[in-house]
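Here's a quick briefing to read with the structure open beside you. It starts with the overall layout and then goes through a few spots one by one.

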Amino acid sequence: ARLAEEVQVAQFCQQLGLVKEVATRAGRHLNRASFSAAFDQVTNWSSQAVLTGPLIFGPGKFDGADNYRVIEWKADCGGGNSCYREEVPFTKGRW
């Protein structure tokens, strides 16, 4: 349960970091149009938590992830700790 909470916090931090980046790019007069237009400028956002590879947006491209990786839950990673371990490094998606 503790690890699930940590993963949720990491996802939240990653999403909040992306919103901050886009809002900063949108400028002082933040509104729907400027926020949406700012996403077109996010062409390689890599200030991410460890959950995804760099996120790439652009005109008409609203899904940031282009890569994926396979992870597996390990009940014991040593020292009585559990964790997710990378099984396959980031790979280009085919979607």
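The chain has 2 helices and 2 strands, and from the N terminus on they come in the order α-α-β-β. Keep in mind that this is a predicted model. Of the 95 residues in the chain, 19% are buried.

**The chain as a whole**
- Take the contacts between residues at least 6 apart in sequence: 34% of them join residues at least 24 apart.

**The nonpolar core**
- The largest nonpolar core has 9 residues: L18, V22, A26, A38, F39, V42, W45, L55 and F57.
- Two elements, α1 (2-26) and α2 (32-39), each give two or more residues to this core.
- The largest share is that of α1, with 3 residues.
- One of the core residues is W45, so what does W45 touch beyond its neighbours within four places in sequence? Its contacts there are Q14, G17, L18, E21, P54 and L55.
- Among those partners, L18 and L55 also belong to the core.

**Helix α2, inside and out**
- S34, A38 and F39 are the buried residues of α2.
- Looking down the helix axis, you'd find these buried residues within an arc of 145°, so they line one face of α2.
- As a reminder, an α-helix has 3.6 residues a turn, so residues three or four places apart point the same way.
- Which residues are exposed on the other side of α2? They are R32 and A33.
- Two of the buried residues of α2, A38 and F39, are also members of the largest nonpolar core.
- At the start of α2, N31 has a side-chain oxygen that comes within 3.0 Å of the backbone nitrogen of A33.

**E72 on strand β1**
- You'll find E72 in strand β1, which covers residues 67-74.
- Is E72 buried, partly exposed or exposed? Its relative accessibility is 39%, which lies between the 20% and 50% cut-offs, so E72 counts as partly exposed.
- Setting aside neighbours within four places in sequence, E72 is in contact with C83, Y84, R85 and E87.

Note on methods. Residues are numbered from 1 along each chain as its sequence is written. This is a predicted model: local features need pLDDT of at least 70, side-chain atom pairs count only at pLDDT 80 or more; totals for chains, interfaces and linings use all residues. Side-chain values use heavy atoms; hydrogens and water are left out. A nonpolar core is a set of buried Ala, Val, Leu, Ile, Met, Phe, Trp, Tyr and Cys residues joined through side-chain atoms within 4.5 Å. Buried means under 20% relative accessible area, exposed over 50%, partly exposed in between (1.4 Å probe, protein chains only). Helices (H or I, at least four residues) and strands (E, at least two) are DSSP runs, numbered from the N terminus. Contact means heavy atoms within 4.5 Å. The arc is that of the directions from the helix axis to the C-beta atoms. A polar contact is a pair of N or O atoms within 3.5 Å; within protein, one must be able to donate a hydrogen and the other to accept it, and residues adjacent in sequence count only if both atoms are side-chain atoms.
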